[in-house]
Each structure stands twice: as C-alpha cells, then as structure tokens.
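Take a look at the overall fold, then at a few packing and pairing details.

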Amino acid sequence: QAPEWQALGEPLSYSVVMQPSGQPWLFALDVAQVASGGAQLMTDFHLQRRQPVTKPLMYQVTSWLDARREAIGAPESLARALQLPEQGNPRSRTWAAELRRSAQEPQAVVDALLRHFNREPYHYTLEPPPVGSDIVDDFLFQTRSGFCAHYAGAMTFVLRAAGIPARVVAGYQGGEVNPAGNYLSVHQFDAHAWVEYWVAERGWVSVDPTFQVAPERVEQGLEQALARERSFLADEPLSLLRFRDVGWMNTLRLRWDSLNYGWQRWVLNYQDEQQSQMLQRWFGKLDGQALGLGLVAVLGLLTGILALVLFKPWRREKDVQQRQFDRFERLLARQGIRRHKGEGARSFAERAATEMPEQAPAIRAFVRLYEAQRYAQLPGPGEELSRALTNVRRAMPWRIAAPRRHS
C-alpha cells in the first residue's frame, strides 16, 4: 500500500538521468511522484519500479520537499521502526532508558543525542577501528570513530531502545554543480546515511547525527571531511575528480561531462527504434550508445595520461597547515566572524578571541601551533594541528543541522 502523506509547499519538478545500478529503486527527493508509469512510492517513501535499471534511464519527477509524512503513523510501519534484537549492547539500552526517564518527550531525547555527538570526542573516518560483538556499545563508549552509517545506526538503536520509532535512511548527500550544463552530478562517493524518527502529528522527521561530528561532511562534502587522512578516492588514483583543484583540468572535465550529459539526454529522449534508425544512417551498424561510451573511454584515458605526465600526482605535497587554517576560517565564519582582507592570522585570532571569550583559549592555542609549524618551521605532526582545530570546533556553541529532506 502507498504510504499516507500530505502535500505542503510548492512542488519541485526536475528530470533525472540515472546510470545502470542493477537495482529497481529510483533516485528522487522526498516526497516524489514520477510522471510516467512504471514506478510507485513504497511504504518507506522510496521510489521503485518493477524491473532493475540495467541501462541509462531518464525520467521526470515532481517532489514536495515540505510534505508531512504519516502524521498518523501506520501501526505496521511504527512496529517495524521499533524492532531490536532481544539481547546485546546492554550499555546502550541502559543509556536509552536513562535518557527517556530524564527527557520524557521524544524530541528532547533526540536533542540530547545530538548534543552528545557534538560535545563528546567523536571522530569521522572511513577507516574505523574494529569492534566486538556489541558493536553499538563499542562504538558509542570506546572507539568513537566511524562514518555516517555508524552514527546513524547507533542513534537509531538508542532511539528504538528508548521507545521512539526510528530508522536509518541510506541515500546521497551533496553533489557537484556543473555550470557548463546547469545540472547536478551525484557520485557514488556522495552516498550518505542519516536518521528518521517519528513524532505524533509531525510524522517522520529527518535528522543527521554526522553533522554534529563532522559538519564539513554535510556542508562541503566527503573530500573536505577526509582532508586529514587523505583517503578520498584513495583506491582510484587515475580519477579526474582527484584533481578538481587544478583549474584548467577541472574545466576540461566539467565541459566533457556536460557534453556526455547532453548526449545521454538526446539519446534517451528518442524511442529505441528511432534512435537505432538514425544512428545506422550515420554510422552504419555501429550502436550509438556503444559509440558514445567508446568516445568517453578514449578521451578519459587520454586526459588521465596527460594529467599523470604534467602533474605527477604522486609527487604532490599537500599544504597541511594552510588547509587546516582554511578550515579554521570557515569554522569562525559560521559564527559570523570573517577574516578581513590582509588581516594576519594572529590579528584575526585575537579579534575572534575578543568576540568569543569562552572559546578564546582554544582559538589562541590553535593559532600559536599554526604559526610555530608554518612560520617558525618547528617540527610537529599534522595530527597535532588537527586536534587543536577539533578543540576549537568542540568549544563552539552547539547547533542542530537543518532538517534533511532527502530519502
């Protein structure tokens, strides 16, 4: 059965070009309706078609981003969102019971969990340490290191243990705007996980615990969140996405991607028979899609070889101190304190410390270490400066991320 929902706000219409996934679900924003038939809205509000997507697919979607979803919860849906194993993770269960006794209201429990992730020494990484059989307990109270699925999974477990219906949402966060073609490219490394919890009369509400630990993951993307450990696309050394800071190469990549996007839209706008007849007139028996893919592969290979010859990425050295100071600037900018043109690091830090006296020790400690490593060239591991920046972030006033709208 289709889920109950109420359309609120203005609808958003858009088109999606989806690459083959081998899965029957479709990309869409909440709450979605597909113009043509063949896809339906499932009980958890994701779109699904009858057959898996085995070739490029273009479809038209209309979404209501402010829709209210299941304000009166379906009993079956809420029961599924409260299921837990009978045993395991005793510390998490005890903590959930304590939170519910002290907070009472579901929203207060959610806020307490977000404050916990924000204030305690958690760390965002794609290389978390191993855990034992009580995986939630070990993550919350020992390792405190992981990526989005760890935070979403742990928060969902605690909410369910506290009697609050909750579920993990797997989707995508962010993307890359291509100004050459005026569209958004969503890559597999944009995959993300967050939480939905249910409140009477409000329905399903989205929240992202990862934002409390690594706001740069949500605001700036995975590459910035992993700048310290340098694991972004580590298993794809020839990917052109690793060279987005190289101006001319990035421009070339975006323009080529725009041409490929336009080609796919043109091809997919035709029925298979019409497309085949036209391409056969041009190229004989050569399949048009095979031709396009062949051109993409050849140009990609040539561009990759040229990039390796010109830039020798294996020899590039990252400016660790400057990257951390840039993050320091962005952190203060979110608090309304922006660096003036020509303002030195120490002057900027002193002005920030004056405006934020409670955070002044952490701010001054970071800048002293930054100056020592960058200007006095005193030895010190990059992790030390990163820890100093983490202390600044934890000292900042706590804030909650805006509600998420994707599913």
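The protein chain contains 15 helices and 15 strands, and the model you are looking at is a predicted one. Of its 407 residues, 43% count as buried.

**The chain as a whole**

- The protein chain exposes about 22,200 Å², and carbon and sulfur atoms supply 53% of that area.
- Among contacts with a separation of 6 or more, 66% come from residues 24 or more positions apart.

**An open sheet**

- Strands of a sheet pair through backbone hydrogen bonds, either parallel or antiparallel.
- Here, 3 strands line up in the order S2-S7-S4 to form an open sheet, with antiparallel pairing.
- Strand S2 (12-18) and strand S4 (32-34) are the edge strands, each pairing on one side only.
- From one strand to the next, the twist averages 35°.
- S4 is joined to strand S7 (residues 57-63) by 3 bridges, and the two run antiparallel.

**Helices H13 and H14**

- Two packed helices are described by the angle between their axes and the distance between the axes.
- For helix H13 (residues 345-355) and helix H14 (residues 360-374), the axes come within 9 Å and cross at roughly 175°.
- Because angles over 145 degrees count as roughly antiparallel, H13 is roughly antiparallel to H14.
- H13 contributes Ala345, Arg346, Ala349, Glu350, Ala352 and Ala353 to the contact, while H14 brings Ala360, Ile363, Arg364, Val367, Tyr370 and Glu371.
- Sorted by class, this contact of H13 with H14 has 8 nonpolar and 4 charged residues, with no polar ones.

**Helices H2 and H4**

- The axes of helix H2 (residues 90-103) and helix H4 (residues 135-143) come within 7 Å and cross at roughly 70°.
- Because 65 to 115 degrees counts as roughly perpendicular, H2 is roughly perpendicular to H4.
- On the H2 side the contact is made by Pro90, Arg91, Ser92 and Trp95, and on the H4 side by Val136, Asp137, Leu140 and Phe141.
- The contact of H2 with H4 divides into 5 nonpolar residues, 1 polar and 2 charged.

Methods: Residues numbered from 1 in each chain as written. Predicted model: local features only at pLDDT ≥ 70, side-chain atom pairs only at ≥ 80, totals over all residues. Heavy atoms only, no water. Axes fitted to C-alpha atoms, helices over the stretch in contact; angles between N-to-C directions. Helix = DSSP H or I, 4+ residues; strand = E, 2+ residues; numbered from the N terminus. Parallel < 35°, antiparallel > 145°, perpendicular 65-115°, else oblique. Contact = heavy atoms within 4.5 Å. Nonpolar A, V, L, I, M, F, W, Y, C, P; charged D, E, K, R; others polar. Pairing = 2+ DSSP bridges. Buried < 20%, exposed > 50% of the residue type's maximum accessible area, 1.4 Å probe, protein only. Areas by Shrake-Rupley, 256 points an atom, 1.4 Å probe, with all protein chains shown as cover.
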